[in-house]
Amino acid sequence: MPFSFPPGRARIAAATACALVLTTLLGCSNGGGGGGGETASTTTGPSAGSGTQVTISDFTFQPASLTVSPGATITVVNDDTTTHTLTATKGGAFDTGDIDPGKSATFTAPSKPGDFPYDCTIHPFMKGTLTVE
Ligand SMILES: [Cu+2]
């Protein structure tokens, strides 16, 4: 019956289009939502004490960004020719106080994870960030 063909085809075409759209959507959400977060592949967590150090040289914190474990002990070496500090810029999270040239000091990282920007109170343009995770 020629009467029933066109609607039938249209329905099939529509159904096919739907299926394609659904497949695409499902494929997308499957692909994007599958991750369970990172597992311990890049755990560079020296648990307190294995060479966690910031060196101050030429009015610069090196490295400027440091990631440590909660409560880690961090040694700050002043390898410069003038006195510096390494002081958290918010909440007084940590502060080495004055470190004379050629001297070093230690401080304890915060126990809660987060980013803790710091600077030198004597030279506020000196900046760095301690990340606790
Ligand atoms: Cu300084």
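Which atoms are the protein donors of the copper ion? Before I answer, a word on provenance: this is a predicted model, in which local features need pLDDT of at least 70 and side-chain atom pairs count only at pLDDT 80 or more, whereas totals for chains, interfaces and linings use all residues. Residues are numbered from 1 along each chain as its sequence is written, and side-chain values use heavy atoms, with hydrogens and water left out.

The donors are ND1 of His84, SG of Cys120 and ND1 of His123, at 1.9 to 2.1 Å from the copper ion. A donor here is an N, O or S atom within 2.8 Å of the metal (3.2 Å for Na, K and Ca), and the site may look incomplete because water is not among the atoms. Along the chain these donors have the spacing H-x35-C-x2-H. Since His84 sits in the loop between S4 and S5 and Cys120 in the loop between S7 and S8, the pair ties together parts that are 36 residues apart in sequence. His84 is buried at 0% relative accessibility, and Cys120 is buried with a relative accessible area of 0%; buried means under 20% relative accessible area, exposed over 50%, and partly exposed in between, with a 1.4 Å probe and protein chains only.

Let me turn to the fold. The chain has one helix and eight strands, where helices (H or I, at least four residues) and strands (E, at least two) are DSSP runs numbered from the N terminus. Four of the strands form an open sheet of mixed pairing in the order S3-S8-S7-S5, and two strands count as paired if DSSP finds at least two bridges between them. S3 and S5 are at the edges with a single partner strand each, so one side of each has no neighbour in the sheet. Within that sheet, S7 and S8 run antiparallel and are joined by six bridges, with Gly114 having Val132 in S8 as its bridge partner.

S4 and S6 also pair, antiparallel and over five bridges, and Ile74 stands opposite Phe107 in S6. The covered face of S6 holds Ala105 and Phe107, while Ser104, Thr106 and Thr108 are on the uncovered one.

What of the interior? The largest nonpolar core has 21 residues, of which Phe61, Val68, Ile74, Leu86, Phe94 and Leu130 touch the most other members. Strands S1, S3, S4, S6, S7 and S8 each give two or more residues to this core. By nonpolar core I mean a set of buried Ala, Val, Leu, Ile, Met, Phe, Trp, Tyr and Cys residues joined through side-chain atoms within 4.5 Å. Phe94, leaving aside neighbours within four places in sequence, is in contact (heavy atoms within 4.5 Å) with residues including Leu86, Phe107, Phe116, Tyr118 and Leu130.

Finally, two threonines. Thr83, in the loop between S4 and S5, has a side-chain polar contact of 3.4 Å with Asp100, and residues more than four places away in sequence that Thr83 touches include Asn78, Ile122 and His123. A polar contact is a pair of N or O atoms within 3.5 Å; within protein, one must be able to donate a hydrogen and the other to accept it, and residues adjacent in sequence count only if both atoms are side-chain atoms. Thr55, in strand S1, is buried with a relative accessible area of 19%, and the side chains of Thr55 and Gln53 are joined by a polar contact of 3.3 Å.
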